[in-house]
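Open the model in your viewer and keep the selection panel handy.

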Amino acid sequence: MLQILRQIAKTGIKSEPAPAPADDAVVAARLQQDIVRVLGRALTIRQVDAGSCNGCELEIHALGNPYYNLEGLGIRFVASPRHADMLLVTGPVSKHMAIALRRTYDATPDPKLVVAVGDCGCNGGIFGASYATLGGVASVIPVDATVPGCPPTPTALLRGILAAITAHAPPVTPDTEADATSPPDAGQNASSGA
Amino acid sequence: MDFGPLGLAVATLPCALPAVRVPVSSGQALGACRLAWEQKAELVALWVTDDRDRDAGFCLRIVLRDDAGFALIEHALPDASAQFPDLSPLYPAANRMQRAAFDLCGVASEAEDQRPWLWMAAWPIDRFPLQRDFAPSPKWEPGEENYTFVRVEGDGVHEIPVGPVHAGIIEPGHFRFQIVGEKVLRLEERLGYVHKGVEKRFEAFGVADGYRLAGRVSGDSTVAYATAYAEAAEALAGLAVPPRAQWLRALALERERIANHLGDLGYLGNDGGFAFGLAQFSRLKEDVLRVNAAAFGHRFMMDYVVPGGVAAPLDPVHAIGLRTQCTALARELATLREIYDEHAGLQDRFRNCGVVTPRLAATLGLTGLAGRASGQARDLRCDFLRPPYDTVLPKKAGRTDGDVAARVSVRFDEVAESLRLVRAIVDGMPDGDHAAPLPPVPPHRTGLGCVEGWRGPVLVALEAGPDGHIRRCHPHDPSWQNWPVIEHAVIGNIVPDFPLINKSFNLSYSGHDL
């Protein structure tokens with residue numbers, strides 16, 4: 001037990017305000033404000049692998065490590081779509097996962113957001129559309145934001161989550177003006193989708 | 001393997017490891033496999049190619065390996081109605097490979113079990129994607145099949161279906177548990193949900209470019225797959241890559257092993273109720289990924305290994321960084337191992353959980369890391385010493401307990417060894433070019449590449465067409481061998497231990513479903 005405590009003390013707090021570059025601190029701060037503004041509470045995410053090579057999942061896992069400390073931002077991965085505000089979907093959508101993905105979407109309560117992750121989730125990526133794949137998440141369910149990359153870095157994923165939230169944020173009122181000091185652009189790696 | 005008793009002629013096979021090609025005629029395939037089985041050879045892979053466009057019918061290909069090397073058995077079949085012998089009595093892992101071969105190529109085995117494996121009603125059941133005349137129709141909608149699970153009946157037996165969408169950030173697959181109380185009577189897996197048509201997709205690539213797709217067969221093993229692919233292409237082209245390139249590939253391969261093992265050790269702690277372990281190991285893994293990004297240009301080193309060598313030279317500054325990091329990591333690892341070993345609660349979850357005895361492992365063909373935890377002492381890096389491993393001499397990890405604790409222990413041993421190997425590789429790295437141009441690859445010959453990835457041996461079989469395009473590429477993941485073993489490992493365990501047992505194997509869905 002003593003050794004565990006010693007290791008914890010020695011490790012210290014590794015969480016970064018947000019990963020480099022510097023303006024990402026703004027990303028994190030805005031993300032928290034927007035989550036509260038749009039949802040009024042923490043953001044819960046259900047991840048769905050719809051045919052990914054597992055590369056994107058590795059980076060989504062990394063979001064939970066002490067450096068990115070996703071839970072510290074008020075974002076949590078949940079086990080059921082029924083508990084989720086957002087679906088984070090990877091893969092070119094294999095035809096074998098299309099029905100399961102649709103059902104997961106239907107099981108997610110409104111209002112819900114969908115973020116398509118990775119080059120495959122955006123447009124099929126290297127796998128494209130084939131006899132076995134549909135070529136992107138938007139071919140099955142409506143997508144609010146896309147995060148390209150093979151796989152996208154944890155920072156890019158954070159930006160994508162922000163893009164999805166801000167795309168659905170209510171207009172900024174004088175009360176919330178302080179939140180809107182940073183530019184509306186969501187960053188290079190994330191863009192609002194269909 | 002000695003095929004002499006059957007009077008079979010063997011030919012050389014393009015491969016960086018010792019390998020032979022064994023063409024067999026009808027009726028000899030099973031005999032050749034039985035002979036190899038009697039000589040303790042393992043089944044590595046099984047697939048079918050459609051060669052009707054060059055009047056050669058279909059060809060069943062079986063790769064076996066023993067301590068002397070690899071053998072590719074080639075069994076020509078005149079047409080799709082010709083069945084091939086069922087190998088599952090010798091090699092139980094052949095069952096799913098045979099079913100997959102039918103789903104994709106339309107040639108059936110003589111096995112009793114003819115259920116589909118990779119087919120899930122997304123295309124008509126009488127069309128076969130890897131037949132040369134396959135023409136997909138946009139009218140084909142995703143459908144639902146009615147898979148016949150084996151049912152257990154009796155007093156108090158109930159069933160728990162799980163998946164394909166799991167309660168975590170995991171790849172999709174379906175597990176059907178038959179339960180009494182909380183004990184697992186039987187588990188049946190249904191995989192294939194992430195079938196992306198990888199083998200068909202390869203045909204759209206040139207031999208020189210296919211490494212990118214190979215590196216995305218299973219994202220966590222991108223270096224292993226890209227290396228196996230590159231080695232197959234180089235063996236066909238007769239190219240000897242520069243020594244420095246070989247060393248750099250091994251460096252990347254060991255870094256991949258370190259990152260994955262660290263991640264698994266964290267999740268195994270977490271699944272054992274010890275969140276401290278996840279926080280610590282995921283931090284260390286992130287450190288590794290960040291140094292990878294600096295040194296190799298990508299956190300997972302995707303597209304770093306290319307046919308002919310590697311994509312970029314290693315900056316000496318980064319080489320020092322890699323070395324320094326390994327020294328620091330080795331210290332941290334020793335501390336964390338002691339904590340894991342002495343944590344009574346964690347050891348209580350790990351020990352005697354999900355046991356695969358060495359005897360069962362040998363019968364079922366358990367391979368790779370999980371195999372080494374169950375007395376199957378095979379590791380391509382050690383068994384066929386090549387540069388740089390013939391210089392840095394990796395030590396083979398091994399346990400015989402075969403439980404979760406053994407698979408954890410093998411991971412600890414292998415990370416420690418890989419940290420040593422990275423340092424030795426950096427220190428002994430020869431000078432020279434990091435790549436050589438890939439000469440044209442001769443068509444209609446099969447080349448093999450086989451690499452010990454972190455999960456186990458990864459194989460890529462490659463055949464070029466006359467125009468420099470890929471004619472057929474079959475990637476094979478060790479998960480094919482190990483998935484069926486999990487069905488045995490969970491018997492008699494309690495349902496809540498399944499996630500822990502499953503994680504201790506950490507098999508690939510994408511690499512298996514193709």
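Which strands of chain B form an open sheet of three, and in what order? Select E6, E7 and E8 of chain B: the order is E6-E7-E8, and the pairing is antiparallel. Strands pair here if DSSP finds at least two bridges between them. Helices (H or I, at least four residues) and strands (E, at least two) are DSSP runs, numbered from the N terminus.

Before going on, a word on the ground rules. This is a predicted model, in which local features need pLDDT of at least 70 and side-chain atom pairs count only at pLDDT 80 or more, while totals for chains, interfaces and linings use all residues. Residues are numbered from 1 along each chain as its sequence is written, and chains are lettered from A and ligands numbered from 1 in the order in which they are written.

**Confidence**

Colour chain B by pLDDT, the predictor's confidence in each residue, from 0 to 100. The chain B average is 94, and 100% of its residues score at least 70. For the model, ipTM is 0.93 and pTM is 0.92.

Strand E6 (157–162) and strand E8 (183–190) of chain B are the edge strands, each pairing on one side only. On average, neighbouring strands of this sheet are turned by 20° against each other, direction ignored; the axes are lines fitted to C-alpha atoms. Now pick E7 (174–180) of chain B, which runs antiparallel to E8(B) and is joined to it by seven bridges. Within E8(B), B:Leu187 is the residue opposite B:Phe177.

**A second sheet**

Next, select E11, E12 and E13 of chain B, another open sheet with antiparallel pairing, in the order E11-E12-E13. Its edges are strand E11 (446–452) and strand E13 (470–476). Here neighbouring strands are turned by 15° on average, direction ignored. Seven bridges pair E11(B) with E12 (457–464) in the antiparallel sense, and B:Gly449 sits opposite B:Val460 in E12(B).

**Two domains of chain B**

Colour 4–105 as domain 1 and 198–513 as domain 2; these bounds come from an automatic or database domain assignment. Their centres, taken over C-alpha atoms, are 26 Å apart. Domain 1 brings 24 residues to the contact and domain 2 brings 25, where contact means C-beta atoms, placed from the backbone, within 7 Å. On the domain 1 side, strand E3 (42–50), strand E4 (58–66), strand E5 (69–77) and helix H2 (94–105) each supply at least two residues. E3(B) gives the largest share, six residues. What classes of residue make up this side? It has 19 nonpolar, one polar and four charged residues. Ala, Val, Leu, Ile, Met, Phe, Trp, Tyr, Cys and Pro count as nonpolar, Asp, Glu, Lys and Arg as charged, and the others, Gly among them, as polar.

**Between the chains**

Show both chains: 44 residues of chain A are in contact with 43 residues of chain B. On the chain A side, helix H1 (2–11), strand E1 (43–49), helix H3 (55–62) and helix H4 (95–107) give two or more residues each. The largest share, seven residues, is from H4(A). This side of chain A has 21 nonpolar, 19 polar and four charged residues.

**Last stop: a loop**

Zoom to B:Leu385, in the loop between helix H12 (380–383) and helix H13 (389–392) of chain B. To finish, draw a C-alpha to C-alpha distance from B:Leu385 to B:Gly354: they are 31 residues apart in sequence and 32 Å apart in space.

Methods:
Contact = placed C-beta atoms within 7 Å. Axes fitted to C-alpha atoms, helices over the stretch in contact; angles between N-to-C directions.
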